[in-house]
Amino acid sequence: QIFGSPSTPVLENPEYQTRWYFKYFLGKLHQNYVGSDGDKVPFFLSVVLTDANNQCVPQYRAILWKKTGAQKISIPYTPNKAMTVKQILCNFPNMEKVEKGPKEIFTPEIQKDLLLLEEQEGSVNFKFGVLYTRPGQTSDDEMLSNEAGSPEFDRFVSLLGDKVRLKGWDKYRGGLDIKGDMTGRFSIYTIYEGHEIMFHVSTLLPYSKDNRQQVERKRHIGNDIVNIVFLDSGASQMNQFNPSFIKSQFTHVFALVTYSPEDNSYRLAVYSEESVPLFGPSLPCPPVFRDSQEFREFLIVKLINGEKAAFNTPTFSQKRERTLDMLIKDLFSEHMNDGRGTMLNRRAFSDVLPDPPRGSRRKEEARQVEFVRIGQALKLDTIVRGDAPTSLATTGLFKRAPWEPQCFYPDFGHEIVCGDSWGETRLLVATESGVFLVEESMSHRLVFDKTIAVKQLHVVEAHGILLFRADKGRDSKIHVFRLSDFDGDFSTESSARGRQDLKEHRLERTRGCHMYAISRPGGSHLRMWLCKCLKQPYCFISQVVAIGKKLLVMQWRHSAAWTAWCPASDTDTIDGFQYIREIQVAEPPILITLVDSSLTGSSGGGIVDNHICVGYRHQFDLVNERTGEVSRLHAVEGSRAHLVAAIDLYEDEEPELLLCYNHTCHFQKLSEESTSNTEFDFHWNSVPSVIVCAFPYIFAFTTDSMEIRLIINGNLVQTMVLPKLALICSKNDIFFATTAPEFFHNKAERLQVDKPDRDPSISPPSS
């Protein structure tokens with residue numbers, strides 16, 4: 001239970017997934033450009049054409065280097081429709097206006113400069129302070145003057161890592177002296193998931209009886225961004241600690257640790273400077289760890305994530321921005337004034353592997369060979385230095401990630417259009433061949449034949465009904481069936497329902513509906529909104545229906561509580577829906593989401609206002625369901641606007657929206673009185689097709705990958721490669737379809753796996 005999500009220790013923004021230039025560009029043939037944007041701010045652009053996730057799907061990867069940091073995106077590659085540099089740039093925010101066409105850089109030495117820019121994101125190795133404290137000590141001078149620790153402290157320190165001799169140490173040293181024992185004879189060192197960690201332990205650093213401030217100890221521990229403070233005498237001392245006891249302009253995070261010998265447990269508390277963004281994993285409640293190895297895993301992940309979060313505080317981000325600004329301006333001056341390669345400067349990016357004129361072909365081929373050779377040498381040198389984000393191996397105890405998939409049903413032979421879960425073990429999925437009821441690991445059977453083209457489908461178990469939208473254009477309609485109709489045994493395909501069976505189940509006023517949305521489970525009534533393609537609007541079960549420029553609202557006549565109390569009496573289908581109203585909107589919606597009112601709004605018996613978020617081509621609006629009043633929520637800047645989703649979230653019972661478009665996710669407060677502080681943006685590496693929120697994670701689905709981030713801060717935690725990926729539903733568990741070979745165990749022997757012929761110890765690892 002301690003390690004149930006969101007307390008599962010997961011590294012945020014893992015370097016082997018975020019350091020793109022090292023992983024995908026360095027040592028590979030790629031192109032680099034220099035230019036300035038509309039505000040004359042210099043930038044560099046790196047682009048490589050790669051095999052997307054090794055699934056034989058080529059794609060562009062692009063990095064935009066600016067003083068604010070590196071922005072990374074993936075763009076689909078179309079063989080017969082090559083892209084220019086400006087088209088690549090248009091996919092980045094606020095880069096549609098460029099002063100002039102970027103200039104290509106041909107010198108291979110640019111790779112070293114760009115690798116240096118990427119390394120400004122932070123070290124792949126870490127140093128943490130460990131401060132031993134006795135009861136009653138209230139200043140860092142007192143704490144640093146403890147010449148030795150207690151047996152409990154020594155046991156804790158040995159848990160963190162191995163005791164190593166510093167003199168002659170040849171691995172990461174964390175700023176300690178390795179020649180003359182000037183910083184002590186021993187220290188504590190460990191490796192976690194490829195990250196080297198050196199602990200600055202106060203009792204192992206030099207002690208001076210004559211120096212009250214213990215400057216040698218303070219010089220290291222006071223300059224560590226994250227410090228562990230071990231409090232002797234148990235949890236009773238935790239309330240006595242105050243971070244202000246320790247005077248440091250540099251330390252931003254304190255991890256307070258106590259040990260209880262009664263039950264052999266550790267207790268943890270974490271203090272962060274107020275400018276540090278939220279970071280995981282969340283402390284379990286209570287924050288007590290009885291397994292020491294579990295505690296070590298949790299603590300190290302919390303420390304690493306804490307240091308990464310601290311780098312986004314003004315203290316560090318402004319310093320990093322100044323450094324990047326200086327480096328980029330110097331590189332800009334150097335390469336913009338470089339006259340080399342002027343004949344090729346205007347080459348379109350479509351020439352990823354250029355085919356130069358015959359006269360210069362040999363010269364260009366020689367340049368490419370030298371470019372790749374220098375890149376591979378840089379890569380190898382970085383690995384040897386121990387600064388490479390190469391490790392994918394985990395040293396942790398918990399091999400199963402919270403999002404680890406399991407096969408629900410193998411070898412389903414149809415392309416899935418949409419679907420929904422039914423209970424714990426069933427799925428209803430719509431395909432071009434009809435609608436199937438799929439039983440977990442058992443069988444699937446046809447319930448509607450291919451004469452019914454289902455485009456949207458929802459299973460509403462609270463009322464025992466199935467909703468679906470069939471056909472398209474003017475013929476599109478919504479239908480309602482009882483779930484009990486499909487509980488029988490359909491042993492033959494002829495038992496499946498066809499178009500002739502729909503007439504009695506067609507919901508009135510929904511002809512021409514091109515989209516609908518229903519309220520979330522758990523509300524008082526099922527509501528539905530519909531968008532229609534015709535001039536007449538329609539709505540559903542607390543459902544919204546979109547019809548051209550009109551929205552229709554409908555509601556199920558029985559409340560969820562009434563149905564739960566008298567389930568045998570709720571047997572309606574189309575008669576269960578009541579038409580409420582229609583609302584005029586500015587233009588045909590692209591997406592609609594129902595937003596339930598704050599739960600506190602109904603406590604006093606007042607009027608509860610539910611809302612609908614409506615997405616158009618370049619904006620999101622909020623529509624009051626009761627009054628029809630429309631207010632602007634968020635405008636999407638730029639000429640390209642690909643709206644993905646609007647997801648309703650709740651913090652302290654206050655509704656919020658997560659607006660997703662292009663590569664961006666934007667948190668939007670819905671009221672000026674909101675106390676939430678989560679209005680910020682984060683960016684996906686690829687433009688998603690679908691977004692799913694499963695606290696504390698948010699998932700972005702593309703056609704071949706699943707990108708997983710933390711919703712509290714937008715940090716990346718995992719990118720999973722899943723070819724031909726399609727989300728089915730996410731009502732309870734997240735169901736998706738894929739052709740990933742790891743789910744087809746009986747086909748494993750047919751798969752061909754390329755094995756490297758070279759000794760990996762002397763060759764740079766492939767990307």
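Trainee: What percentage of the 767 residues in the protein chain is buried?

Mentor: This is a predicted model, in which local features need pLDDT of at least 70, side-chain atom pairs count only at pLDDT 80 or more, and totals for chains, interfaces and linings use all residues. Residues are numbered from 1 along each chain as its sequence is written, and side-chain values use heavy atoms, with hydrogens and water left out. Buried means under 20% relative accessible area, exposed over 50% and partly exposed in between (1.4 Å probe, protein chains only). Of the 767 residues in the protein chain, the buried share is 51%.

Trainee: How many helices and strands are there in the protein chain?

Mentor: Both are DSSP runs numbered from the N terminus, helices (H or I) having at least four residues and strands (E) at least two. On that basis the protein chain has eleven helices and 39 strands.

Trainee: Within what arc do the buried residues of H6 fall?

Mentor: The buried residues of H6 are Phe153, Phe156, Val157, Leu159 and Leu160. The arc is that of the directions from the helix axis to the C-beta atoms. Seen down the axis, these residues line one face of the helix, because they fall within an arc of 155°.

Trainee: What is the volume of the second largest cavity?

Mentor: On a 1 Å grid over the protein atoms alone, a cavity is a set of points where a 1.4 Å probe fits but cannot get out, and lining residues have an atom within 4 Å of a point. Points are joined across faces, edges and corners, and a volume is the space filled by probe spheres set on them. The whole structure holds five cavities of 30 Å³ or more. For the second largest cavity, the volume is about 70 Å³.

Trainee: Which elements give two or more residues to the lining of the second largest cavity?

Mentor: Among the lining residues are Leu131, Asp140, Leu144, Lys218 and Ile221. The elements that give two or more are helix H5 (140-144) and helix H7 (215-221).

Trainee: Where is the proline that a cis peptide bond joins to cysteine 285?

Mentor: The bond between cysteine 285 and proline 286 has an omega of about -5°. Proline 286 sits in the loop between E12 and strand E13 (288-289).

Trainee: Is lysine 40 buried or exposed?

Mentor: Lysine 40 lies in the loop between strand E1 (31-36) and strand E2 (42-51). Phi there is near 60°, a positive value in a residue other than glycine. Because its relative accessibility is 60%, lysine 40 counts as exposed.

Trainee: Is aspartate 471 buried or exposed?

Mentor: Aspartate 471 is in the loop between strand E19 (465-470) and strand E20 (477-482), and its phi, near 65°, is positive. With a relative accessible area of 14%, aspartate 471 is buried.

Methods:
On a 1 Å grid over the protein atoms alone, a cavity is a set of points where a 1.4 Å probe fits but cannot get out, and a pocket is an open set with protein on both sides within 12 Å along at least five of seven lines; lining residues have an atom within 4 Å of a point.
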